[in-house]
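Open the model in your viewer and keep the selection panel at hand. The stops below go from the whole chain to single residues.

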Amino acid sequence: MKNITVIGSGTMGNGIAHTFAQYGFEVSLVDISDDALSKALQTISNNLDRQVKKGTITEGAKTETMNRIRVFTDLAEGTQNAGLVIEAATENQEIKLKLFKQLSEICNENVILASNTSSISITKIASVTRHPGNVIGMHFMNPVPVMKLVEVIRGYATTDAVTETIMELSRTLGKDPVEVNDYPGFVANRILMPMINESVYTLYEGVAGVQEIDTVMKLGMAHPMGPLQLADFIGLDVCLAILKVLHDGFGNPKYAPCPLLVNMVTAGHLGAKTGSGFYKYTAGSKDLVVADKFMA
């Protein structure tokens with residue numbers, strides 16, 4: 001399997017494309033917008049430049065990596081030669097179901113269809129395809145070229161052969177795959193999102209401020225970044241979407257999103273990508289500054 005298609009050229013999609021291309025795979029990157037694809041290629045180039053500067057790859061390796069990535073706006077054309085298609089579109093169930101139904105109709109029956117979803121049921125996604133045994137989850141972590149974990153999610157119908165293929169493929173990328181079963185949030189987000197949500201509640205209820213909450217978790221629990229900063233990095237809209245999946249899937253009130261989180265998303269304060277969340281973000285600055293809303 002040397003030809004990989006990645007659908008969606010956002011943060012996760014371009015990171016997945018970057019990683020596969022760097023490890024010698026021919027990558028087709030598909031998006032609905034030429035502008036989005038141009039931005040993705042620029043992001044990949046910039047990230048490869050950082051690797052060159054750190055000495056982890058050569059300038060020649062960067063050129064080879066970029067030459068392995070082709071871009072498409074036509075789904076059928078972009079998946080024509082794929083042995084594996086990885087969906088990294090918006091974390092929206094309707095969008096994913098529509099996309100996988102299309103993929104099932106246009107791809108060869110032997111093609112493995114994977115989703116980078118962070119919480120949506122692989123079994124549900126597979127149910128709209130012609131060959132649900134070939135559908136699996138590949139949940140990469142951000143930033144993809146750096147983070148070692150791939151959460152490999154088996155749907156109810158996913159075959160042993162497909163699972164083993166994806167586990168081995170992940171290893172060839174220098175990743176450490178972990179096989180998990182298909183339940184809401186899988187492992188990573190079933191544990192992480194309630195922690196983030198509880199951190200937001202701790203702020204909402206006035207127990208401590210943004211910086212204080214994050215400092216406790218960084219210094220006391222040895223987390224590389226605090227949960228509120230991490231939420232900003234993930235995107236508060238993504239955190240909210242995952243919590244809703246957990247709440248709906250389990251019917252347990254412990255997963256109910258904090259009203260503060262809901263309000264922030266409604267107001268468009270989504271974290272680093274919008275310049276404001278629990279912290280405020282200024283282009284060119286690496287300083288971590290608490291958002292004005294949460295200043296004492």
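Predicted model: local features only at pLDDT ≥ 70, side-chain atom pairs only at ≥ 80, totals over all residues.

Residues are numbered from 1 along each chain as its sequence is written, and side-chain values use heavy atoms, with hydrogens and water left out.

**Whole chain.** Show the cartoon: there are 12 helices and 10 strands, taken as DSSP runs (helices H or I, at least four residues; strands E, at least two) numbered from the N terminus. The radius of gyration is 19 Å, close to the 19 Å that the globule rule gives for 296 residues, so the chain is as compact as a globular protein of that length. That radius is taken over C-alpha atoms, and the rule is 2.2 Å times the number of residues to the power 0.38. Along the principal axes, the C-alpha atoms fill a box of roughly 55 × 45 × 35 Å. Of the 296 residues, 46% are buried (under 20% relative accessible area, with a 1.4 Å probe and protein chains only).

**The largest core.** Select Phe20, Leu84, Ile86 and Phe140, which have the most contacts inside the largest nonpolar core, a set of 32 residues. Such a core consists of buried Ala, Val, Leu, Ile, Met, Phe, Trp, Tyr and Cys residues joined through side-chain atoms within 4.5 Å. Centre on Phe20: leaving aside neighbours within four places in sequence, its contacts (heavy atoms within 4.5 Å) include Ile4, Phe25, Val27, Leu169 and Leu173.

**The second core.** Select Ile242, Leu270, Phe278 and Ala291, which are among the 26 residues of a second, separate core.

**Strand β8.** Select residues 176-181, the strand that holds Asn181. Which residues does Asn181 contact, leaving aside neighbours within four places in sequence? They are Ile153, Arg154 and Phe186.

**The cavity.** Select Leu103, Ser104, Cys107, Asn108, Glu109, Val111, Leu113, Thr129, Arg130, His131 and Asn134, which line the largest cavity. A cavity is a set of points on a 1 Å grid over the protein atoms alone where a 1.4 Å probe fits but cannot get out, and lining residues have an atom within 4 Å of a point.

Terms used. Buried < 20%, exposed > 50% of the residue type's maximum accessible area, 1.4 Å probe, protein only. 1 Å grid on protein atoms, 1.4 Å probe; cavity = no way out; pocket = protein on both sides within 12 Å on 5 of 7 lines; lining within 4 Å.
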